[in-house]
Amino acid sequence: MNVVVCVKQIPDPADPGALNPDHTLKRDGKLILDESDSYGVEMALQLVDKAGGGEVTLVSMAPNGEVSGLRTALAMGAAKAVLVSDDALKGAGALDTAKVLAAAVGKAGEYDLVLAATESSDGYTGTVPEQLAALLDLPSITFAKSVEIADGTVKVQRQTEAGYDECEAPLPALVSVTAGVVEPRYPSFKGIMAAKSKPVETVTVADLGLDAGIVGWAGAGQEIVDVAAAPEREAGEVIEDDGESFQKIVAFLDGLKVL
Amino acid sequence: MALSKVWVHAELTPEGTVAPISLEILAKAREISDVVEVFTGGDGAAIAETVGKHGATKVLATGDISDKLQGVHVGAALAAAIEGGDAPDAVLLGTTYDGRDIAARLSVKLDKPVLTNNTDIDVADGIVVSTQIFGGTQIVKTKFAAGGPAIATFRPKSFVAEETGGAAAEVAELGLVDAGAAGAAKLLNRHVEETSGPKLDEAAVVVSGGRGLGEAGKFDMIEELAKMLKGAPGASRAIVDAGWVPYSYQVGQTGKVVKPTVYIAAGISGATQHMVGMKGSKNIVAINKDPEAPIFGIADLGIVGDVHKVLPKLIEALKAR
Ligand SMILES: Cc1cc2nc3c(=O)[nH]c(=O)nc-3n(C[C@H](O)[C@H](O)[C@H](O)COP(=O)(O)OP(=O)(O)OC[C@H]3O[C@@H](n4cnc5c(N)ncnc54)[C@H](O)[C@@H]3O)c2cc1C
Ligand SMILES: Nc1ncnc2c1ncn2[C@@H]1O[C@H](COP(=O)(O)O)[C@@H](O)[C@H]1O
């Protein structure tokens, strides 16, 4: 069984984010594997393992030929990667990203399943996987909190507001997984060494046969008109607990008539 | 400039009623558009009265599709209706599981962008939506520049639902189309987790715990306090990820947005991703042993202290009343 996993490479979420003068997100520093996608990679490795054969291929779209996040996922055990890197993709919206990923999946070879995370840590639009499924004309199940494969069918517990839905789809299909579905492994030393020589095919928009005018800023169909600081909330009273501060809380709640 | 017509997703709860978020969006839709209609992946007659009261004049309904996934089928049906000539200026949905799926499928069918996670929409000069970034510290306004229906999803609690007393909406069919291979996913069974007490995103009081509680067992204090205040317990992602409480408790960017009368944060540092989900609360009480904790920057009452000392005393005091 072959699984394609979408992995986004993002600025370290621990660093404060910043915008470029044209309002796009600054992503020129070193990028890392989005933690959300480490669950997809782990899930793919486990499914291939259970199926008793096949491989995991990564697809990613990232600026400046960035591969560090891909190397992390390769070190976990993925076999190979397709990276789309092209200046024309600056400012790409979710739909454009999905179009690029759809074309990249086409370079990944035969597959039974495409995995993605439900939302990325930096963009968190949460629409790319479902758009990708639509472009690939695949059935899809989003927000998976458990994934199993048997007899050419993927069975999923899909997170809902009220609990979860039991869903299934025939393969090939696309599934997006939530954080916590599986415990992502740490790359072993051997894995890290092996990852260095695993194939990463880097392609441009033109290599994919896409028109640079329709993906990226030019084709995004959206225009940022303003960025401003949000109104701040004022801090109130801060007191040191002297053993009796609970009284203050009781009085405060009393004043609001919630007791 | 008001819009001529918008469509709002009437999302259904497992009981078949209209989800609060859809009623919230309806209130805003009335403000920006002359005509407001809803669409739903389910039975239209059952909700005609409710959505009518909230200002919708028509329900476009697919009829029962409870054995299918909403995104692909409702998305395709909407696209077919729009391509058939019945195009609204905007299609507005909640940033929910099904809302995002429908918006995504529709955006591909129409080849139009979708903008998600919005907290406001303005139509004075084109259709412009607002999104909070960097944990709600900055607001980005983005204009739809592609023409055709603008597709946008909104965070819960962005608007306040309000009845207008309108008559029941007219029910019309939203014709399903063959979704081909993509339509093959099936929904077999729904599991509804039983919860007692008010829902986290509807409760007037929310008591949330974070890593400062020290260990999973100490979350009992949070639950007890929440119960005494007839509120709901909530959590930071740190303790959800640690497996102390289920994901449905999480407040923040990747969890729920809450705006209760009182939010009590115990042992929570106040990371921007947490605060974006609770800083709209009317009153905030924070208990944290670190006087530098960012949560104090937005708290109306901040207690610099140990949760293991303050909470038990608070619980005792409330019990004694
Ligand atoms: C993409 C992304 C999305 C995220 N989404 C969310 C989200 O939706 N919701 C969310 O909550 N987080 C989210 N986070 C995580 C967020 O950045 C923080 O890591 C998290 O909120 C921290 O949780 P915490 O405050 O419980 O833990 P910590 O930050 O570890 O804080 C614990 C606090 O407890 C205090 N403390 C310790 N002992 C005691 C004691 N005995 N008495 C009193 N106080 C004590 C400490 O002083 C400290 O301030 C997200 C992060 C990323 C990168
Ligand atoms: N540039 C990208 N490269 C690879 N995968 C991506 C990219 N953008 C989004 N994805 C995938 O889609 C998921 C959801 O992203 P988003 O819709 O941006 O929240 C991510 O977690 C990834 O799995």
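Cys6(A) is buried, at a relative accessible area of 7% (buried is under 20% relative accessible area, exposed over 50%, partly exposed in between, with a 1.4 Å probe and protein chains only). The model is predicted, and local features need pLDDT of at least 70, side-chain atom pairs pLDDT 80 or more, while totals for chains, interfaces and linings use all residues. Residues are numbered from 1 along each chain as its sequence is written, chains are lettered from A and ligands numbered from 1 in written order, and side-chain values use heavy atoms, without hydrogens and water.

Cys167(A) is also buried, at 2% relative accessibility. The closest cysteine sulfur to that of Cys6(A) belongs to Cys167(A), 20 Å away and too far for a bond. Over all chains, the structure holds zero disulfides (pairs of cysteine sulfur atoms within 2.5 Å).

Ser176(A) sits in strand β10 (residues 173-177) of chain A. Strands (E, at least two residues) and helices (H or I, at least four) are DSSP runs, numbered from the N terminus. Ser176(A) is buried at 1% relative accessibility. A polar atom of its side chain lies 3.0 Å from the backbone nitrogen of Phe143(A).

Ten strands form an open sheet with mixed pairing, in the order β12(A)-β7(B)-β6(B)-β5(B)-β8(B)-β4(B)-β1(B)-β2(B)-β3(B)-β9(B). Strands pair if DSSP finds at least two bridges between them. At the edges stand β12 (222-229) of chain A and β9 (170-173) of chain B; each has a single partner strand, so one side of each lacks a neighbour in the sheet. Within the sheet, β2 (residues 33-40) and β3 (residues 58-61) of chain B pair in the parallel sense over four bridges. Glu37(B) has Lys58(B) in β3(B) as its bridge partner.

Technical notes:
Polar contact = N/O pair within 3.5 Å; in protein donor to acceptor, adjacent residues only side chain to side chain.
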